[in-house]
Amino acid sequence: MILARYPYFYLETAKLGYLFSVLPTKKLEHMYFGKKLIDYRYESLHLKPTAGVGSSVEYENEGSKTLLDLMTLEFSEVGKGDFRLTPIELKMPDMSFVSDFVYDSFEIVKGTIESKKMPTAQKGENTQSLIIKLKDKKFDIELKLIYTVFEKSNIITRRVILFNNEEKPIVIRKLMSMMFDLPESDYDLITFDGGWIKEAHKHTRPLSYGTYIVDSTTGASSNRHNPGIILAKKGTHEDYGDCIGINLIYSGNHYEAVQISNHGLMRVMTGINPHCFEWTLKKEESFETPEAVLSFSDLGFNDLSHNFHDFVNQHIIPRQFKKTLRPIVLNSWEAFYFNFNTKKLLTLAKQAKELGVELFVLDDGWFGKRNDDHAGLGDYNVNKKKLRGGLENLSNQIHELGMKFGLWFEPEMVNPQSELYKKHPDWAVTIENRNPSLGRNQLVLDLCKPMVRDYILTEMTKILDSTTIDYVKWDMNRHITDMFSSALFEQGRFFHQYILGLYDILFKLRKKYPDLLIESCSSGGNRFDLGMLYFSPQIWTSDNTDPIERLKIQEGFSYLYPQSTMSAHVSLAPHSQTIRRTPLSTRFNVASFGVLGYELNLKYVSKVEKEEMKKQIELYKTHRELLQFGEFNRFNKKDEDRNIWQVSLNNEHIVGYFQNKYHSSPNLEVLHVKNVKPNDKYKIESIQQKLEIRQFGHLITHALPIKLHPDGWLMTKINQRKQLDNATESYEISGQALLSGLKLKQQFSGTYYNNETRMLGDFGSQIYIVSKLES
């Protein structure tokens, strides 16, 4: 709902309220953002700087005065008395940097206001938009602040469009999608940071005087700092406290800033990174920013995440994939890397089909001279030495098995050792007379150039039209350097124009192939953002398939993105990224809280492990809707060695208990369950898991009637064919008892093992299924 009672504008969703007003000076005051208000009159909610402060500069307009530096504002500019960080920096027609935008008019429209060049949130039931027009007092330059209210998701989005109606050009050096001020600063800043194979680790920083910046300069939203941030009141945890969430529907260089002023006011903004940015607007030209996403909860982080999750599933991902169950894939990469042929691939696909896998994905190496990462990118000719009969033959045989077929592409890249580079070296992002920097032995193609985008679309279309392909993995494996394009008259446009070029390709590809399942990837989670999710309903979360590392990665992303967007694979152990050996049960348990897949060579999987995998896949299929689209909750951590997750849907719940390190003689444990009704009855049962005999090492010899070498040939053979059952639990119990906590069977404590003792050890885990019983 949008309520306009000039000078007040009140935006409301099912749970939150957002209020700002037009001051007598025609500047916009931000007045409130939080739980929805019952107030009908808003006068008392104004900031009250009645005494002023020394060294202040008064802003005057139409006979009224304001101390801008002492106000909570909705937008601000350079040079009129607000000395805090500003969301806009323009070089005006008079060559000064001073702008002065004041309120002109407003308009309320039903639905959303779509962008012609960038992804924006899709409209839903009761969606409304508010347009606030601001005009510069000296020049004929306009700003439109666009607010869109998504009632059920408890989301408000904001973006800005700048119009130049002057004869002379203006130069944009900075233009944020959103800014607002809050009157208090007792918040923590929570960010999700990392790098390759360590994406989205949660970091919490207390705020104090100064400016805190979260950004990317790599050309993508990056694995270094996700564009999503959270501001949390002191003491907020998963199920308690006030918190504000901010994200950005954008895949390029982003910039988030939080500034605490010298009088304790907090300013927040997000948008395109001004790093190396410069954009000239000629007469009658306009510039639009990406869409920023805002939410609030007074019930802690889980409730805030629910808002974001619902928003992504309902308003971001392609409509045709909303609530569509994602297939279980097997990806060829960790099985073969570049060393494969049709026979190897079909053998693996047949084994995967027997286990219940539904989609076989051929990863890198199928084209050109792509026998390693030094050559071939940019070429689309199928390597017939590897694939006799071509892709069509392989795809047909995969489909004959009753599976779907997927294919890997890296369309944005080119190797210097490629036919494309020989013909068009000018299509690569390089600077004349400078030695270009390589990443993974490759260069970036210049998506600012229409002919490059046309080439990519043409070549991909040839493959997609000639072969039955159900899924595309779109990869991008390096950061951008040497940024220059001969297609641009000013190089400050490069980073943003590159992303617009990428979106242009994806818009056209999505239109031509609406039912094609696209999984975005950028060396894992280097471009895990709302912009890519607009085109691809799932993203390869990380190249790290170690489940213990994935706990931190997937949990970090879960604050902003639903588990249906996170592709998660089971691989062989020890894992190539950590050389850590983890139980098969834990590899599955972690991956099941996402879009399950496998990435391994089944040749190296024992018979007993294959039997376990088959049961795991059957379990996932039974509960797939719950695991992919259920309400996701995290539990407050009692220590750093345990993570507990839960998904809930239609009176069914799955709780995942994950243990990092085992400590000798551990405490007795209690498992709590969320979202159950106190007076209802439930059945809770743990999933049967297996223990490898080799886990016991030499200790097993004390339990055998004959003495066998624990690492000998016979014990190795036994381990491949026989495993021990771990303790299970099954109870009928009230919701109130589950809320209070179920006392679990004791973990092994060093003195005695029996089949009623939980054996988790290092990196162990357990899945519990909770179902409501009929009255």
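Predicted model: local features only at pLDDT ≥ 70, side-chain atom pairs only at ≥ 80, totals over all residues.

Two strands are said to pair if DSSP finds at least two bridges between them. With that in mind, the bridge partner of E256 in strand β19 is T270.

Strand β19 covers residues 266-272 and is mostly covered, with seven of its seven residues buried. Strand β18 (residues 254-260) pairs with β19 in the antiparallel sense over seven bridges. These two strands form a hairpin with five residues between them, and in the turn G264 has a positive phi of about 80°. Strand β12 (residues 170-182) also pairs with β19 in the antiparallel sense, over six bridges. Here M266 of β19 is the bridge partner of L182.

Another strand, β14 (residues 201-206), contains H201. Is H201 buried or exposed? Its relative accessible area is 17%, and because buried means under 20%, H201 counts as buried. Neighbours within four places in sequence aside, H201 is in contact with T191, F192, D193, K552 and I553.

The next feature is a barrel. Eight strands, in the order β23-β24-β25-β28-β29-β30-β31-β32, make up a closed barrel with parallel pairing. On average, neighbouring strands of this sheet are turned by 30° against each other, direction ignored. One of the pairs joins β30 (residues 538-540) to β31 (residues 566-570), which are parallel and share two bridges. In this region, I539 stands opposite M566 in β31.

Helix α4 (residues 390-400) lies across β24 (359-362) and β25 (404-409) and runs at about 145° to β25. Helix α10 (residues 584-591) lies across β31 and β32 (595-598), at about 170° to β31.

Helices also pack against one another. Two packed helices are described by the angle between their axes and the distance between the axes. For α6 (residues 450-466) and α7, the axes come within 10 Å and cross at roughly 30°. Because angles under 35 degrees count as roughly parallel, α6 is roughly parallel to α7. The crossing in which α6 passes α7 is right-handed. On the α6 side, the contact involves R453, I456, L457, M460, T461, L464 and D465; on the α7 side, it involves G501, D504, I505, K508, L509 and K512.

What remains is the interior. In soluble globular proteins, nonpolar side chains tend to be buried together. In this model, the largest nonpolar core has 185 residues, of which I132, L162, L231, L362, W366 and Y598 touch the most other members. Helix α7 (residues 494-512) gives the most to this core, with ten residues. A second, separate core of 16 residues includes V655, L671, Y682 and L744. Which residues does L362 touch, not counting those up to four places away in sequence? They are S332, F340, L345, L387, L391, L394, F405, G406, L407 and W408.

Note on methods: Residues numbered from 1 in each chain as written. Heavy atoms only, no water. Core = buried A, V, L, I, M, F, W, Y, C linked by side-chain atoms within 4.5 Å. Buried < 20%, exposed > 50% of the residue type's maximum accessible area, 1.4 Å probe, protein only. Helix = DSSP H or I, 4+ residues; strand = E, 2+ residues; numbered from the N terminus. Contact = heavy atoms within 4.5 Å. Axes fitted to C-alpha atoms, helices over the stretch in contact; angles between N-to-C directions. Parallel < 35°, antiparallel > 145°, perpendicular 65-115°, else oblique. Left-handed = near helix turned anticlockwise from the far one by under 90°.
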